[in-house]
Amino acid sequence: MNRKKVFYTLGQLLLLEAVLFLLPTLVGIIYKENTALHFIISAAIAAAVGGTLMIVCRKRNDVIYAKEGFAIVSLSWLALSAVGALPFFLSHEIPSYVDAFFETVSGFTTTGASVVKNVEALSHGMLFWRSFTHWIGGMGVLVFIMAIIPSVSDRSIHIMRAEVPGPIVGKLVPRAKDTARVLYLIYIGLTAIEVIMLLFGGMTLFESLIHSFGTAGTGGFGIRADSIGSYSPYCQWVITAFMIVFSLNFNLYYLLLIRRLKSVLKNLELWVFLGVFLASVATIAVNIYSIYGNVGDSVRYSAFQVASIISTSGFSTVDFNLWPGLSKAILIILMFFGGCAGSTAGGLKCSRIILLGKMFRNELRHLLSPKSVNTVKIDGKQVDSSVLKNASNYFALYIFIFVIIFLLLSFEPFSFETNFTATAACFNNVGPGLDAVGPASSFAAYSPFSKIVLSFAMLLGRLELFPMILLFSPRLWKTK
């Protein structure tokens, strides 16, 4: 384990966070709020700790292997959240540090679960930072470091594999550093387009930025108590469309840029994801028609909420707690389904579910014809056995950890539906659940212990289990 490299990179991350604090500071100054001082103090703390780490660990070997990649990712996300919670806590807009940590973890992991009971009481600076954490965490802050720092070695593909969600992570272009740049250019470009479209819908620049950050990171923090409910149907449709856009594999956008349309159209994950989305929208629209009595409203509410849950964004236009049982059941299933690999969405991921389905089909074929040799193919290419093993191991570990988290929450005096969907919403980085943690409620009533458990659930879900689990393995920290 190259510990100096790990902590040197951690120092770089904290210096970057200190710089990022300047944006909400500027917002606070523009709106003449005293929160600007709290961001400046937080930036000073981040810079002091980051600078110290870089000085102490400056004599280093730049080589990064898998061990370093996992350690850097897990420690960086913990440090990012711990320091990122300071402005909320110092300003007393979120008085408890545990609550502030929960809110910040929820932001960076793009979950959108909140402990804030009255979001409209927060200052503009805090609202900006709260949603900006979605945008930072969406593509991955370490991928951002890879994109902008000249000294990053190409072995940092290990960081991408530990941070970018999905069963398969590779390079779009020969160098991992250039891959990171391509991803972020696409990410910035799509965010800018959404900002412009929301401006045309009557949102202010501040509102457009906030909601674009939340959509791009598939996070879901808003600035109104009813989330997106009081905005125009045009804005709701724009956000619906972009929640789906950011749920798709970013590799597809790169293929479109280099004019490989046929490769995009042959992508199985794309069509399965869109098929599940459209089927869910149609079923729920029919199911809730009796509530709204209007086809247009039923389709719009259904499309928005399905897009929000399958993308794990967490925005809402209505209180879906009041929907029929079938609609709520579909939304719960979509919490686990999630978006595509290589997107900013959470959940199990569409590609992983496809792999598991094909593996199950092959096992049935093998039982019927024991001598047959069956391979798993995606988009005409045979999937490596190591990828299949990883997918099955991930699923087994996913179920085990989900049960543990759910049992820990079961000590709380809430209903089964509340605790189950709270676990699903945080572990899959969705945001709102049902019953006491529905879209019109918050996670504020949970105990500090449960909030810490759910914070780690969000980190486990965002980093896809292994980086956070390996952080506590003594073997990871061995020097050889």
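Is F406 buried or partly exposed in this predicted model? With a relative accessible area of 16%, F406 is buried, where buried means under 20% relative accessible area, exposed over 50%, and partly exposed in between, with a 1.4 Å probe and protein chains only.

**Before you start**

Residues are numbered from 1 along each chain as its sequence is written, and side-chain values use heavy atoms, with hydrogens and water left out. Since this is a predicted model, local features need pLDDT of at least 70 and side-chain atom pairs count only at pLDDT 80 or more, while totals for chains, interfaces and linings use all residues.

**The whole chain**

Show the whole chain as a cartoon, in which there are 22 helices and two strands; helices (H or I, at least four residues) and strands (E, at least two) are DSSP runs, numbered from the N terminus. Of the 480 residues in the chain, 58% are buried. Among contacts (heavy atoms within 4.5 Å) between residues at least 6 apart in sequence, 71% join residues at least 24 apart.

Next, colour the chain by pLDDT, which is the predictor's confidence in each residue, from 0 to 100. The mean for the chain is 86, and 89% of the residues reach 70 or more. Where pLDDT is low, the predicted coordinates should not be read in detail.

**Helix α15**

Select residues 268-292, which form helix α15. The expected span of a helix is 1.5 Å times one less than its number of residues, so the 25 residues of α15 should span 36 Å, and this agrees with the 35 Å between its end C-alpha atoms. Now look at V286, where α15 bends by about 35°; the bend is the angle between axes fitted to the seven residues ending there and the seven starting there.

Which residues of α15 are buried? They are E269, L270, F273, F277, S280, V281, I284, A285 and I288, and they pack against α12 (233-245), α13 (250-257), α14 (261-265), α16 (295-310), α17 (325-337) and α18 (350-368). At the N-terminal end, N267 caps α15, with a side-chain oxygen 3.4 Å from the backbone nitrogen of E269. Following α15 is G293, whose phi is positive, near 65°.

**Helix α16**

Move on to α16, whose 16 residues reach 22 Å from the first C-alpha to the last, close to the 22 Å expected at 1.5 Å a residue. This helix is mostly covered, since twelve of its 16 residues are buried, among them R300, Y301 and F304. What covers the buried residues of α16 includes α12, α15 and α17. At the start of α16, zoom in on N294, where a side-chain oxygen reaches to within 2.8 Å of the backbone nitrogen of G296; just after α16, T312 takes a positive phi of about 60°.

**Aromatic pairs**

Show the rings of Phe, Tyr and Trp (its six-membered ring), which pair if their centres lie within 6.5 Å, with planes under 30 degrees apart counting as stacked, over 60 as edge-to-face and the rest as tilted. By this rule the count comes to 36 aromatic pairs. One of them is Y184 with Y187, an edge-to-face pair with 5.7 Å centre to centre and 85° between the planes. Both residues lie in helix α10, three residues apart, about one turn of the helix, and both Y184 and Y187 are buried.

Returning to F406, select F420 as well: the ring centres are 5.9 Å apart and the planes are at 75°, so this pair is edge-to-face. F406 lies in helix α19 (residues 385-409) and F420 in helix α20 (residues 416-427), so the pair ties together parts that are 14 residues apart in sequence. F420 is partly exposed, with a relative accessible area of 23%.

**A last stop at S114**

Finally, select S114, in the loop between α6 (97-108) and α7 (124-139). S114 is buried, with a relative accessible area of 10%. A polar contact of 3.3 Å joins the side chains of S114 and R130; such a contact is a pair of N or O atoms within 3.5 Å, and within protein one must be able to donate a hydrogen and the other to accept it, while residues adjacent in sequence count only if both atoms are side-chain atoms. Not counting residues up to four places away in sequence, S114 touches F102, E103, R130, F221, S442, F443 and A444.
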